[in-house]
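Look over the sequence and the structure first, then read the points below.

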Amino acid sequence: MKIIPVVYADKRRLLKDAVNAFLPRVVTVPLSQETGYRCSSLVKKGDTVREGQIIAVPRTDSLSGNPAKIHSPVPGVVEDIVLCTCPDGRQGEAVKIRLAGSFTYLGKKKITVDWTILPPATIIQQLSDRGVVNTFNTTEPVSLAMEIGAARKRKPRLLVVRLYDDDPTRVTDSLLSSAFPDEIYTGALITARAAEAGGIVFMIDSESPVPAVGGDESIPIRFVKINIKEYPAGFRKEIKKAVGKSAKDYPLSDISDDDLYTDASTMYEVCSVIKDGIPVIDKYIYISGECIPASGMLKVRIGSTVRFLAQQCGGFTVPPAAVIINGLISGWSAGSLDTPITKYVKSVSFLPASKVPDQRQSVCVRCGMCRSVCPRNLTPDILYRHAAGGTEAGEAYVRSAQLCSGCGLCSFVCPSRLPVSQAVKMLKLQFIKEGVK
C-alpha cells in the first residue's frame, strides 16, 4: 500500500456545507446509467412527465436480471430525445426535460413503509423498479437488484458495506456515513434481508468512531477498521485482507469475492427508496476545486449539468482547465461543462490550468514510477506495452494482470500520460471472459 496523505480533506468542516441544490430549469437524463445496459425511452417530445415517473426501461434485448429503471428527476415537459456525452465519456441518448408543474415528492410528507414485513423478492423488485444502482465501483456501476439476485445463488454470503471512499480525493461516502448513519444502517439491513445474507460487515476508517446505530439481533453485524490513508484501501482485495487480519476466529471473518460489496451512498438510497418509497431522482455530490469560491456537499437532481453545480457554488472565479468526475486518481475528465450528473457520479472537481498536467501522450520513458507505486508489485509498463501491441510479455507477466485491483495509481503517476491502468484492465477482462484463473 502507498501512503498519500496530501489528498485528505477536513471532513468536520465539510459536513456543515451539505445542502440541497436549487432545482435546474432543464435536466438531461442519459438512458445509460449502469454498465452493460441501455434503456429505451418511454416518453417522446412534447410529453408531460411527473416527478419520479418511469421514463425509460431496459431494452428488450437486455432483460436478463433486474436492471434499474430510470425516472424523471423533475416534473415537466419533454423537450426532446437528444445525444449527450456521459461522465464516463460514453455517448448515448438522453431525455431532455424542462421543469414545469407540481411535484410528487418535493415538499410532500413522507409516508414511511414498514420494510420488515416485505419479503425479499418484493424488496429486490422495488430496488429495480425504483432505479437503485450499486456504486461500490464507480467505473462499473450495476443494478443493485441484479447483484442481490446473483448473491442469493451463492453460499455462504455476507453483505460488506464500505463507509469511506475508495478514491480518497472524493469524500462523499465518508461524509454521508457521518451525516446519515441511521439511514445507511437501515439500508444495509434492508439489503441484507433481500440478499438473505448471513451477516453484515461495515468497513470504517481507523480514525473514525464506530457509528452509534441501533442494534438488530436478527443478523450478525461487525465493524472492521482500516487505515484509509494507505492507498488503496477501498477495493475488494484490501477489504478482504483487513477483515481476515482483524480477527480470524470471529464469525464474520470468512469473507470472499463472492460476497455482496456496496457503499454508503448506495445504502442511503436503499433506505430512501424502500422505507420512504422515493425513486432515485437525486444524488449527494461532493463539489470542490480551486475554480469555485465554495466547496461542499450538494443534493443534486439527476440530469443537472456540472456547469449548474458550479453556479450553485458561486460560479467560476477562474475558468476551469479540467472537470474531474469521481476523484483525481480513479475518475474521468469531463469533456464538457454540459456533462449531466448520473446515478454513478459522487464528486466533481473544477481544476485550474496550474493543477492540470500536460495530457499529451508520449512514449514510455521507462522511469519505473508505475512499478514503484503499484500496491500489487506488478510491472504495469510491461503489461501496457504487451496490451498496446508492442513488446510481447511472457505468460507469467500477462497472467499477473489478474492481480490488479484497479486502483489507477500507475496511470496517475505516469509522466508520459499513458493509459496504463486501462491497458492492464483490458488484459484482466480478457482473462475473465476466457474463464482463466
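Arg366 is exposed, with a relative accessible area of 56%. Exposed means over 50% relative accessible area, buried under 20%, and partly exposed in between (1.4 Å probe, protein chains only). The model is predicted: local features need pLDDT of at least 70, side-chain atom pairs count only at pLDDT 80 or more, and totals for chains, interfaces and linings use all residues. Residues are numbered from 1 along each chain as its sequence is written, and side-chain values use heavy atoms, with hydrogens and water left out.

**Positive phi**
- Most residues other than glycine have a negative phi, and most peptide bonds are trans.
- Arg366 has a positive phi, near 55°, and is not a glycine.
- Arg366 sits in the loop between strand E21 (347-351) and helix H9 (369-373).
- Helices (H or I, at least four residues) and strands (E, at least two) are DSSP runs, numbered from the N terminus.
- Glu196, also a residue other than glycine, has a positive phi near 55°.
- The loop between helix H5 (181-195) and strand E13 (200-205) holds Glu196.
- Glu196 is partly exposed, at 43% relative accessible area.

**Cis peptide bond**
- Tyr231 and Pro232 are joined by a cis peptide bond, with omega about 0°.
- Pro232 lies in the loop between strand E15 (230-231) and helix H6 (236-246).

**An enclosed helix**
- Helix H4 (residues 172-179) is largely enclosed by the rest of the structure, because six of its eight residues are buried.
- Those buried residues of H4 are Thr172, Asp173, Ser174, Leu175, Leu176 and Ser177.
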